[in-house]
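Please look over the sequence and the structure below before reading on. The paragraphs that follow lead through the strands, the helices, the charged pairs and a few backbone details.

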Amino acid sequence: PALTDYGKSKTFTFGDVATEIARIHLLFHECQVRRGDKIALIGKDSSRWCIAYMAVVTYGAIIVPILQDFNPNDVHHIINHSESVFLFVSDRIWDSLEEDKIEEVRGVFSLSEYPDGFTQEDIKYAELDNDKVVEINYTSGTTGFSKGVMLTGNNLAGNVTYARTLDLLFRGERELCFLPLAHAYSCAFNLLVPMAFGVHVYLLGKVPSPKILLKAFEEVKPNLILMVPLILEKIYKKMILPQLNKRTLKLALNIPLLDSRIYAQIRKHLVDALGGRFREVIVGGAAMNQEVTDFLYKIKFPFTIGYGMTECGPLIS
C-alpha cells in the first residue's frame with residue numbers, strides 16, 4: 001500500500017499509483033503539454049493530489065502547488081504569474097475561480113495505448129538532469145503577492161537522499177500526513193521521502209483539530225510524525241501543564257527518584273496519545289516555545305527540531 005485517504009476505504013498500491021501516473025501522462029500528451037511546461041495543483045491533501053504531483057514531475061513538467069486556503073485573486077495571480085498551462089483543481093475551488101481570469105484549461109483522456117493491459121514495461125518517466133527546475137513553490141512574501149521559489153530536482157533529491165541516512169522510516173511502515181502538502185516541509189517528508197522508501201501514507205484531508213488528530217494517531221499508529229510547534233505547544237498547555245500545576249504533583253516532583261518516575265509516566269501518556277509506535281517526532285515550520293522545548297527534553301521525549309527554508313526544499317539542519 002502507498003496512499004490512503006484517512007477515513008475512506010480506497011487504498012492505492014504503488015502499482016496503482018504507477019497506473020494512474022501513466023494515464024495522466026497520456027492526458028498531457030494529448031493536450032500537447034511539453035517538458036518544462038508549468039502545471040498548477042490546488043486542492044485539499046489527498047491521494048489524488050499526491051498522484052498528480054508525481055505525474056507532473058515524472059513527465060518532465062514543472063509542478064506549481066498552491067495552498068488551498070489562498071483567496072481566488074491570489075490563485076488567479078499564481079496560475080498566470082507562473083505561466084501554468086494546465087490545472088489540477090478540486091471542484092469546490094474551481095467553483096470559486098473565474099475562468100476568464102486564468103489560462104484556458106485543456107484536457108483529453110485516452111487509454112488506447114494499453115489494449116493488453118498496463119505492465120511494468122509501459123512505465124517511461126522523463127530523463128532530465130537534476131539541475132533542471134521541477135517545482136515552483138509560492139511562499140508568502142512580506143509585501144504584495146506570494147513569491148515563487150524555483151526548486152530543482154537536486155533540491156528535492158537532496159532532502160530524500162539525506163533522509164535515507166536517518167533510519168527513521170522503512171518499507172511497509174506508516175505515516176500520517178496532516179500538514180498541507182503545498183508546503184515544502186510537508187511535501188518532502190510526507191510525500192517524496194515515503195514514496196521513495198515504500199511507506200504507506202494516510203492523508204488526513206481535514207483540519208487537524210486536537211480531537212481529530214488524536215483519533216487518527218490512535219487508528220493509524222504512524223512510525224514517524226511530522227508536526228509544527230503549535231500542536232505540541234497546545235498539547236503541553238492543555239493536557240500537561242494543568243497536571244503539573246496541581247499542588248500534590250508539585251510536591252512529588254521535589255522528591256528525588258519520584259520525580260523521574262512521574263516524568264516517565266507523563267512521557268508514556270504523551271507517546272501513547274500519538275499512537276505509541278513512532279521513533280521520532282520531527283518539529284518544523286516555526287520556532288518552538290522554549291518552555292515546551294525544555295520540558296520535552298526533561299521527560300526525554302523523542303523529538304527533533306528541524307530548521308529550513310522553502311528555497312532549500314526545505315531542510316537546512
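**A walk through the predicted model**

Strand β1 (residues 3-5) and strand β9 (residues 200-203) run parallel to each other and are paired over 3 bridges, where strands count as paired if DSSP finds at least two bridges between them. Helices (H or I, at least four residues) and strands (E, at least two) are DSSP runs, numbered from the N terminus. The model is predicted, so that local features need pLDDT of at least 70 and side-chain atom pairs count only at pLDDT 80 or more, whereas totals for chains, interfaces and linings use all residues. Residues are numbered from 1 along each chain as its sequence is written, and side-chain values use heavy atoms, with hydrogens and water left out.

In general, strands of a sheet pair through backbone hydrogen bonds, either parallel or antiparallel.

A further parallel pairing joins β3 and β4 over 5 bridges, and here Lys38 stands opposite Ile62 in β4. Strand β3 is largely enclosed by the rest of the structure, because 4 of its 5 residues are buried; buried means under 20% relative accessible area, exposed over 50%, and partly exposed in between (1.4 Å probe, protein chains only).

Helix α3 (residues 72-81) also has buried residues, namely Asp74, Val75, His76, Ile78 and Ile79. What covers them includes the strands β3 (38-42), β4 (62-66), β5 (84-89) and β6 (133-139). After α3 comes Glu83, whose phi is positive, near 60 degrees.

The charged side chains can be taken next. A search of the whole structure finds 7 salt bridges, a salt bridge being a side-chain nitrogen of Lys or Arg within 4 Å of a carboxyl oxygen of Asp or Glu. In one of them Glu20 is joined to Arg23, with the closest N and O atoms 3.0 Å apart. Glu20 and Arg23 are separated by about one helical turn, because they lie 3 residues apart in helix α1 (residues 14-30). As a general rule, an α-helix has 3.6 residues a turn, so residues three or four places apart point the same way. Of this pair, Arg23 counts as partly exposed because its relative accessibility is 29%, whereas Glu20 counts as buried because its relative accessibility is 15%.

Glu20 also forms a salt bridge with Arg48, in which the closest N and O atoms are 2.8 Å apart. That pair links distant parts of the chain, since Glu20 is in helix α1 and Arg48 in helix α2 (residues 47-59), 28 residues apart. With a relative accessible area of 49%, Arg48 is partly exposed. Another salt bridge is formed by Glu98 and Lys101, whose closest N and O atoms are 3.6 Å apart. Through shared partners, salt bridges join Glu20, Arg23 and Arg48 into one network.

Some backbone angles also deserve a look. Most residues other than glycine have a negative phi, and most peptide bonds are trans. Gln32, although not a glycine, has a positive phi of about 60 degrees; Gln32 lies in the loop between α1 and β3 and is exposed, with a relative accessible area of 62%. Lys221 likewise has a positive phi, near 50 degrees, and is placed in the loop between α7 (210-220) and β10 (225-227). At 27% relative accessibility, Lys221 counts as partly exposed.

In the segment after β12, where Pro314 is found, the peptide bond from Gly313 to Pro314 is cis, with omega near 0 degrees. Ile316 is found in the segment after β12 (303-305) as well, and it counts as partly exposed at 43% relative accessibility. Together, Tyr307, Met309 and Ile316 form a nonpolar patch on the surface with about 300 Å² of accessible area. Patches are made of residues with over 30% relative accessible area and no salt bridge, like charges being joined within 9 Å and nonpolar side chains (Val, Leu, Ile, Met, Phe, Trp, Tyr) within 5 Å; accessible areas come from the Shrake-Rupley method with a 1.4 Å probe, and for residues only the protein chains shown count as cover.

Terms used
Contact = heavy atoms within 4.5 Å.
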